[in-house]
Number of protein chains: 2
Amino acid sequence: MTNILALYPKGRVTLRELGLRDGLQMTSSWPGTAAKLEWIERACRAGVRNIEIGSFLPEARFPQFADVRQLIDRVDGIPDAFSSALTLNERAVDDALATAVSEIVVVVSATEAHSRSNVNRSRESAIELLRYARARRDAIGSGPVISVAVSVAFGCPFEGNVEPESVMRVVDRCLGAGAEVISLADTVGVAGPRQIAELLGLVNPRVGDVPVVIHLHDTRGTGIANAYAALDAGIRVLDGTIGGLGGCPFAPGATGNVVFEDLVYLCERSGFSTGIDLDRLIGFRSILEREMPGENLFGAIARAGTPDSISWKV
Amino acid sequence: MTNILALYPKGRVTLRELGLRDGLQMTSSWPGTAAKLEWIERACRAGVRNIEIGSFLPEARFPQFADVRQLIDRVDGIPDAFSSALTLNERAVDDALATAVSEIVVVVSATEAHSRSNVNRSRESAIELLRYARARRDAIGSGPVISVAVSVAFGCPFEGNVEPESVMRVVDRCLGAGAEVISLADTVGVAGPRQIAELLGLVNPRVGDVPVVIHLHDTRGTGIANAYAALDAGIRVLDGTIGGLGGCPFAPGATGNVVFEDLVYLCERSGFSTGIDLDRLIGFRSILEREMPGENLFGAIARAGTPDSISWKV
């Protein structure tokens, strides 16, 4: 069984790079397999340990994820690197369990309307999928960590405001269904830091040893502030994508994920060592510029550079 | 005497728009006087109360500030609106005291090297200018609030890291010289939220009733996170510029001020009423697009729009 503490060591910050999955979900172009393998290798060489590499989806409709197994095998060959992948139905879970993937992610929306629009399932049925994944993994007796991503946890494009108490009930059900990692996602980028603190104030005391992840979109400029509020509330696992790639196809108005590079700077400047070499990481954006020339790349630290006059590293 | 509590009412957030001063300091183009007057009127109509409108500098070298007196008179005619202007020498102080300006700002660098590069004075001499401004205003018996802007308070392009204790000593000297408002500026945009919290932890207990302002540049993506850390530490006055205009001519690598519109969204989403109508404010960017077509305008909320599916206003 993959050891959760290997993926998410206690007492330090873990930043998960999701560009190959969340980033490629909405783009019109994507890198070929060779470039993706280069992406993985350069990210790991810069110190990234947790990489979401794709989704187990039908190749015909989602050609950008056709090489998911090759990417898993590549990450599996890199010491201290861990792959994760999305599984949106039972077949995807079965397929993922036949690979060396370190973590599989089931998506459960905080609202019923987003669940139906995003994964074409009721929330209840999404929670059942999570239970299925955990039971199958346990039956095999080895395999990936079973994660849940609770989407629209801070606001829903269909149902509007989402009360922290109702998110908490979804989290409770996910824990009951066997989730070993809980990610809380601001899918449409409407949270402010106060909402992050409020929800974590409810969730943190209930999860015991289960790692809680904050997944942010920087739609309205609060992404890095929200990340800081999460760190301040004790969160030690955060998601981002290189260049702020990504969005959500069923979340109207959403723009990119929080910029991974800026997240690294925030953490290091705030006294949390990430183990990531920021200058190497910035160099790595050249792959995206080459392979996805039509995409907008975001990020302040890549534009301004790391400060050379002050000591900002932990 | 201008009442400080009118400019900075207790118990609520005041956001100061600095585009006409800090924003025009570095731009190659600037609006004509008529457009500046429209800027002032539209900002005030959107609910902005505190506007920095320029600097008392020689017209020949700084033509962008030649109309500073006209702008002061215009703001003076708007109920509940307050102008401020920079005064970098004794003559500028005398000139400013002859106008209806609500607040004059003396700049004192936290480091000696930046002081000499930025205002061509020693720190000691800059503090003497502050003392002069306060004494002259008091001698007249009426006139503007006397403010100090402590620049490079979180890091200096020449001297590197700046210790909070040394900033505190400069703040103490400024209080002794008669400063009625203290602004702490991250001139080159190197602070993270932790540095904001650390410095405020030292400054807040020392200033009594003197309002403390945080002035941020978003050079490395931490601007809004730093603003949140300041709010969290009890700060209720923050600076920004429409579209993130601005920088510092003597601070290599600096980019714009923190985006005023994004600051409004952060505050409102965090439960602090700003009195500013964000949709009106966003509409106001059209003046900049028209008058300064070569300038980059920044800002997430202007791009994404305010969320229409959730209630985000205080």
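Let's start with helix H10, residues 223-232, in chain A and its counterpart H10 in chain B. Their axes come within 7 Å of each other. They cross at roughly 50 degrees. That makes H10(A) oblique to H10(B). The crossing is right-handed. Keep in mind that this is a predicted model.

Which residues of H10(A) meet H10(B)? From chain A, we have A:Ile224, A:Ala225, A:Tyr228, A:Ala229 and A:Asp232. Facing them in H10(B) are B:Ile224, B:Ala225, B:Tyr228, B:Ala229 and B:Asp232.

Now the symmetry. Chain B superposes on chain A by a rotation of 180 degrees, with 0.0 Å of shift along the axis. The RMSD is 0.0 Å. The two copies are thus related as by a two-fold rotation axis.

Where does chain B come closest to that axis? At B:Ala225, whose C-alpha lies 1.8 Å from it. B:Ala225 is also one of the H10(B) residues that meet H10(A).

Next, the interface as a whole. Of the interface residues of chain B, 100% are interface residues in chain A too, so the copies meet through the same surface.

Last stop, the core. The largest nonpolar core has 186 residues. Which of them touch the most other members? They are A:Ile53, A:Leu184, B:Ile53 and B:Leu184.

Set aside its neighbours within four places in sequence.

Notes. Residues are numbered from 1 along each chain as its sequence is written. Chains are lettered from A and ligands numbered from 1 in the order in which they are written. This is a predicted model: local features need pLDDT of at least 70, side-chain atom pairs count only at pLDDT 80 or more; totals for chains, interfaces and linings use all residues. Side-chain values use heavy atoms; hydrogens and water are left out. Copies are superposed by least squares on the C-alpha atoms of residues with pLDDT of at least 70 in both. Contact means heavy atoms within 4.5 Å. A nonpolar core is a set of buried Ala, Val, Leu, Ile, Met, Phe, Trp, Tyr and Cys residues joined through side-chain atoms within 4.5 Å. Buried means under 20% relative accessible area, exposed over 50%, partly exposed in between (1.4 Å probe, protein chains only). Axes are lines fitted to C-alpha atoms, for helices over the stretch in contact, and angles run from 0 to 180 degrees between N-to-C directions. Helices (H or I, at least four residues) and strands (E, at least two) are DSSP runs, numbered from the N terminus. Angles under 35 degrees count as roughly parallel, over 145 as roughly antiparallel, 65 to 115 as roughly perpendicular and the rest as oblique. A crossing is left-handed if the near helix is turned anticlockwise from the far one by less than a right angle, and right-handed if clockwise.
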